[in-house]
Amino acid sequence: MSQPLFRDPAAPIADRVRDLLSRMTLTEKVGQVNQRMYGWDAYERDASGHHLTDAFRTEVAAFDGMGALYGLQRADPWSGVTAATGIGAADGARVSDAVQRHVVETTRLGIPVLLVEEMPHGLQALDGTLLPVNLAVGATWNPDLYEEATALAAAQLRSRGGHVALVSALDLVRDPRWGRAEECFGEDPHLAARFTEALVRGVQGPPGKFIGPDRAAVVLKHFAGQGATVGGRNSAATELGARELHEIHLEAALAGVRAGAAGVMAAYNEFDGIPCAANRELLTGILRERWGFTGLVMADGLALDRLVRLAGDPVAAGAMALEAGTDLSLWDDSFPRLEEAVRRGLVDEGALDTAVGRVLALKFRLGLFENPYTGERSPTPGPEGLSERIARESVTMLTHDGVTLPLGERARRIAVIGPNADSVPQQIGDYTAPQRPGTGISVLDGLKAAAPRGTEIVDARGSGLVGGDLSDLPGAVALTAGADVAVVVFGGSSARESGTRFDANGAAVVTSGNPVEMTCGEGVDLAELALPEGQSALLDAMIATGTPVVVVLVQGRPHALPDLDGRAAAVLSAWYPGPWGGRAVADVLFGTADPVGRLPVSVPRSAAQLPVHYNGKDHGYRGYVDQPATARHAFGHGLSYTTVEYGTPRLSRTSVTAAELTTGAPNSTRAAAQPLVCTVGIRNTGGRPVRETVQLYVRRVTGGSSWPRVRELRGFARVALEPGERAEVSFPVEERTLASVTRDLRRAAEPGEFEVETGPSSDRTRGARLTVRADPIG
């Protein structure tokens with residue numbers, strides 16, 4: 001093996017890439033854009049330790065190198081990797097280095113391999129620290145906290161030898177029937193954009209040419225529109241127009257690109273009839289030419305092989321994706337045949353060089369040519385404490401009678417009932433590795449640990465998670481009837497069990513006749529959002545006892561509940577709060593922590609009224625004859641243990657020109673203008689401290705070149721108030737605050753009349769009128 005000649009780390013990365021490309025064979029180039037091997041097939045474990053497999057050596061030899069290796073440390077029922085057969089924290093760096101050493105020392109050019117791992121909510125590896133799922137993260141409305149947690153997760157990944165983190169961030173919950181709703185930050189593009197920025201900053205660190213040794217390159221999933229598939233079915237078609245795509249589904253991706261994301265993953269779905277991985281307008285026209293993105297585009301698992309139906313054969317399918325702007329494959333059989341595609345004239349070698357250059361550039365940015373090995377060092381601790389903080393801040397109180405919570409001395413006997421009350425696996429979400437015994441704390445155990453001395457806690461499952469078995473119901477009723485209060489824990493589960501069947505790409509295959517208790521997650525889409533029959537019967541039976549009932553929902557999507565006002569004492573959503581979520585829920589129920597979560601998604605009354613997201617087009621439609629068209633609980637909603645009074649928002653100016661809002665306006669015009677600011681006064685009118693999330697919305701009344709939406713989130717701020725304390729919260733109102741998508745699909749603040757609104761949620765706002773004029777100030 002000969003080392004790459006251009007080794008000067010001070011040389012520009014582009015020069016180093018060109019030098020290396022000039023000495024690569026066509027076969028070696030194809031090897032750099034391929035990631036076709038499952039990482040768990042690269043090693044085997046016996047009593048003496050971990051050993052590289054012949055299959056791995058053969059794969060490296062086939063292309064005299066390897067671009068990337070996916071999931072070396074992944075463990076879950078799909079991979080078949082268990083605690084007994086996988087790679088724990090103590091062995092992660094050593095096994096990663098063994099993989100890297102083989103690639104570097106046995107290939108002609110010694111180009112290091114990218115080790116790619118899933119990090120959707122913490123590292124998906126044995127001993128990897130889990131965070132609450134993204135929907136819970138979105139409910140915190142706290143991007144700074146998420147940034148801090150993802151920085152520690154990235155450090156954990158790098159300490160075990162990984163380089164690239166795959167993280168869901170770009171999908172939106174436009175239809176909560178979709179099983180992957182838990183992977184979204186919510187339904188709103190502005191909220192998702194702020195968390196995507198935080199993710200990139202946390203994982204990659206400060207923007208710059210290089211990515212530090214305690215940070216990782218992030219690949220954002222999925223680009224674009226995957227949350228808007230027809231019927232909420234995974235990988236189904238979308239019916240998005242170009243304007244809807246730009247207004248809703250590209251905002252988070254644009255924010256991630258501007259924050260410096262190293263890569264994006266093309267989604268499975270199609271846009272305008274062309275699958276994303278082969279959509280040149282999306283991957284090249286928008287992403288690169290319009291936005292200036294220079295990172296790499298990765299295909300989703302086996303997505304390129306789906307293009308054979310369009311291209312005719314795998315060789316042409318690979319050429320189609322490469323030409324469109326896909327740089328790196330994932331497990332498919334199409335990209336490995338790019339050498340044949342070039343020789344057949346289906347794609348120019350220059351297009352391959354461009355893709356290879358992006359892969360090499362990332363390796364240079366990560367410093368892998370200078371420091372390819374992790375070395376012997378202690379694994380970095382994960383963000384366990386921050387995981388619990390996120391869980392605590394995500395708990396969202398939807399209804400409350402004002403009396404029952406927080407639980408106090410009056411609750412001497414508490415019945416804890418429900419299929420999700422005593423199960424850590426059912427509260428940690430999809431894409432998780434097997435947890436070591438003793439990891440985490442359930443809601444039941446959290447309540448037992450937090451209860452004041454002398455409190456008696458009794459428990460019963462009451463019903464199954466799925467189905468209509470009511471055999472446990474009488475015992476649960478008896479316990480509840482004799483209790484002072486009942487905490488009933490309902491919801492779903494994304495826990496992958498050993499008996500789960502999987503598609504070739506790892507999505508779960510769960511059918512109505514399959515006994516696996518998995519009701520959410522990739523491949524688990526629902527037609528009905530109501531609680532299953534057994535849980536619904538249990539809820540009615542608990543309420544019928546007359547004991548105050550506190551409903552806690554542990555869920556990966558918003559379930560459609562009946563109207564519980566006046567029936568249940570309180571309803572809270574804990575989402576999938578992660579391993580330590582049981583302690584977080586208990587802290588909120590006992591009042592050690594206030595409920596500060598706010599809904600990142602609208603909660604429907606039924607699946608029949610979908611879509612119900614708050615920012616639909618404002619066509620003045622009426623409700624259905626048989627039920628309202630409004631959500632059961634609106635986007636942004638959340639109650640606390642006190643009350644906050646909002647004043648009417650005030651604008652520093654009530655009229656501006658479009659030029660004054662534009663960043664590139666002439667200095668003479670901008671100098672005369674005062675900054676436009678919206679200010680609202682708030683006051684804590686209750687007897688407890690509060691952390692209030694003040695929300696800023698914009699509603700276009702007239703003007704513009706497209707039909708306006710009902711309202712759109714444009715800002716939010718967290719404010720801490722002591723009892724009786726007042727505060728004024730100010731938001732800058734800039735071009736991007738008022739911008740909408742123009743006829744040429746660019747964002748601008750067009751002339752017209754606007755309502756700039758503030759409030760505690762999207763359905764409880766007060767506004768101030770603003771005029772944006774076309775003519776400049778005279």
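Student: Which elements do the buried residues of α19 pack against?

Tutor: Some conventions come first. Residues are numbered from 1 along each chain as its sequence is written. This is a predicted model, in which local features need pLDDT of at least 70 and side-chain atom pairs count only at pLDDT 80 or more, while totals for chains, interfaces and linings use all residues; side-chain values use heavy atoms, with hydrogens and water left out.

Helix α19 spans residues 581-590; helices (H or I, at least four residues) and strands (E, at least two) are DSSP runs, numbered from the N terminus. The helix is mostly covered, with 9 of its 10 residues buried, where buried means under 20% relative accessible area, with a 1.4 Å probe and protein chains only. The buried residues are G581, G582, A584, V585, A586, D587, V588, L589 and F590. They pack against the helices α15 (384-394) and α16 (443-450), and against the strands β12 (413-417), β14 (485-491), β17 (549-554) and β18 (570-573); contact here means heavy atoms within 4.5 Å. After α19 comes G591, whose phi is positive, near 85°.

The sheet and the pockets may be taken next. An open sheet is formed by 5 strands in the order β21-β29-β28-β23-β24, with mixed pairing; two strands pair if DSSP finds at least two bridges between them. Its edge strands, β21 (655-657) and β24, each pair on one side only. Within this sheet order, β28 stands beside β29: strand β28 (residues 752-761) and strand β29 (residues 764-773) run antiparallel and are joined by 8 bridges. E753 stands opposite T771 in β29.

The largest pocket holds about 1,300 Å³ of space. A pocket is an open set of points on a 1 Å grid over the protein atoms alone, where a 1.4 Å probe fits, with protein on both sides within 12 Å along at least five of seven lines; lining residues have an atom within 4 Å of a point. A volume is the space filled by probe spheres set on the points, which are joined across faces, edges and corners. Of the 44 residues lining the largest pocket, R258, E734, E735, R736 and T737 are the closest to its centre. Among the elements that give two or more residues to this lining are α7 (189-204), α9 (251-259) and β24 (712-721). Strand β24 is thus named both as an edge of the sheet and as a contributor to this lining.

How values were computed:
Buried means under 20% relative accessible area, exposed over 50%, partly exposed in between (1.4 Å probe, protein chains only).
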